[in-house]
Amino acid sequence: MLRSFLLFLSREQRLRRWMETSPVAHRWAHRFVAGDTLDQALRACRRVNTEGISATLDYLGENVRTRQEAAQCRDAYLRTLGAIVENGIESHVSLKLTQFGIDVDEDACLENVRSLVKCAADANTFVRVDMESSAYTSRTLRLVEDLHVRYGACGTVIQAYLHRSGDDIERLNARRIRVRLCKGAYLEPPSVAFQHKRDVDRNYLNLARVLLGRGNYPAIATHDEAIVRDILAYSRRNSISPDRFEFQMLYGIRRDLQRKLVADGYRLRLYIPYGEAWYPYFMRRLAERPANLLFLAKNLFRE
Ligand code: FDA
């Protein structure tokens, strides 16, 4: 219930306007967001790089309404990629198609992403196209497949809560497209998605095993310790060496588990968001763990 309510609020524009301009809410967001500026994001990357952790930078923003906004986003990403390469930072970028204008003009969106993926290919780095709600799944996969044939240098995300994900993974594996596997962060109906955590977790493990066996350098994106333990045991049993996959986690979440994985010799990449449009991202993080609300309330009390 609370999860659904928080996900509903994540699309509320008035609350969004208030939150993104409120200094208090701004401080809350900094638990999950590296900062407003590229410089702050690069600083966060350097910090995690020194701990043996790589990064993927997300310039926050989604559901842009004009071609111009989409082009501004593309330019911000081009600057981010340029700064990563110039500064020798161990990081990719992750983007959302609604930020690159898919709702405004699908061809222009493809062109925006194409220019970024081409740059990534030239610089020998990588673009991850995040997965949004199920309304975008097929279009996202089509776009990534198209760009992958032309440039390589890009991959996408599969959500274990969707019923269709097993088939999607087979298709992506056959094309050697890199997959990040996550549970899924949007509100979806029972017709398209599992509704209970135990079903999502079971599907996650099944899909992760398929990816570890036949995928191209899959990313296991979760903070779920039981799943992480299972993956480690499975990879050891099947002699899958730690350099054939990586774990991914979100900035600011389960730092203890992050450190342990790195100390045990596993690869870890942190998803580091930055930028002023942090509200929908922040609300999805609250919805994943409503206990975070208590944490925020306590901080509010202190301030
Ligand atoms: P689960 O939600 O079961 O949580 C397991 C444990 O992790 C919790 O008990 C808690 O300890 C900790 N935890 C999880 N979330 C937390 C939070 N917000 N605050 C504090 N603790 C928390 N989704 C999507 O739909 N499209 C995408 O493209 C991506 N991309 C993506 C990239 C990366 C690197 C990650 C790690 C995740 C995503 N996600 C995503 C989000 C994903 O779908 C999912 O919502 C979250 O990862 C939470 O699920 P867990 O697998 O962590 O398990």
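How many bridges pair strand β1 (residues 54-59) with β2, and in which sense, parallel or antiparallel? Three bridges, in the parallel sense.

This is a predicted model, where local features need pLDDT of at least 70, side-chain atom pairs count only at pLDDT 80 or more, and totals for chains, interfaces and linings use all residues. Residues are numbered from 1 along each chain as its sequence is written, and side-chain values use heavy atoms, with hydrogens and water left out.

**View 1. Strand β2 and its two neighbours.** Helices (H or I, at least four residues) and strands (E, at least two) are DSSP runs numbered from the N terminus, and two strands pair if DSSP finds at least two bridges between them. Look for Thr56, whose bridge partner in β2 is His92. β1, helix α5 (residues 67-86) and β2 make up a right-handed β-α-β unit; right-handed says that, with the strands pointing away from the viewer, the path from the first strand over the helix to the second runs clockwise. β2 also pairs with strand β3 (residues 127-129), again in the parallel sense over three bridges, and Val93 has Val127 in β3 as its bridge partner. Between β2 and β3 the chain goes through helix α6 (residues 106-122), in a right-handed crossover.

**View 2. The cover over β2.** Here "buried" is under 20% relative accessible area, "exposed" is over 50%, and "partly exposed" lies in between (1.4 Å probe, protein chains only). In β2 (residues 91-95), five of five residues are buried. Ser91, Val93 and Leu95 point one way, while His92 and Ser94 point the other way.

View 3. The unit made by β3, helix α7 (residues 137-151) and β4 is right-handed. Strand β4 (residues 154-159) is mostly covered too, with six of its six residues buried. Next comes strand β5 (residues 179-182), joined to β4 by four bridges and running parallel to it, with Ile158 standing opposite Leu181. Helix α8 (residues 165-174) sits in the right-handed β-α-β unit with β4 and β5.

**View 4. Charged pairs.** Side chains of opposite charge can pair when their charged atoms come close. Take a salt bridge as a side-chain nitrogen of Lys or Arg within 4 Å of a carboxyl oxygen of Asp or Glu, and the count comes to 23. In one of them, Arg209 meets Asp230, with the closest N and O atoms 3.0 Å apart. Arg209 lies in helix α9 and Asp230 in helix α10 (residues 225-237), so this pair ties together parts 21 residues apart in sequence. Another joins Arg269 and Glu246 at 2.8 Å, linking strand β8 (residues 268-274) to strand β7 (residues 246-250). Both ends of this pair are buried: Arg269 at 5% relative accessibility and Glu246 at 2%.

**View 5. A pair within helix α12.** Glu288 and Arg285 meet in a salt bridge (2.5 Å, N to O). They are three residues apart in helix α12 (residues 279-288), so about one helical turn separates them. Glu288 is partly exposed at 41%, whereas Arg285 is buried at 7%.
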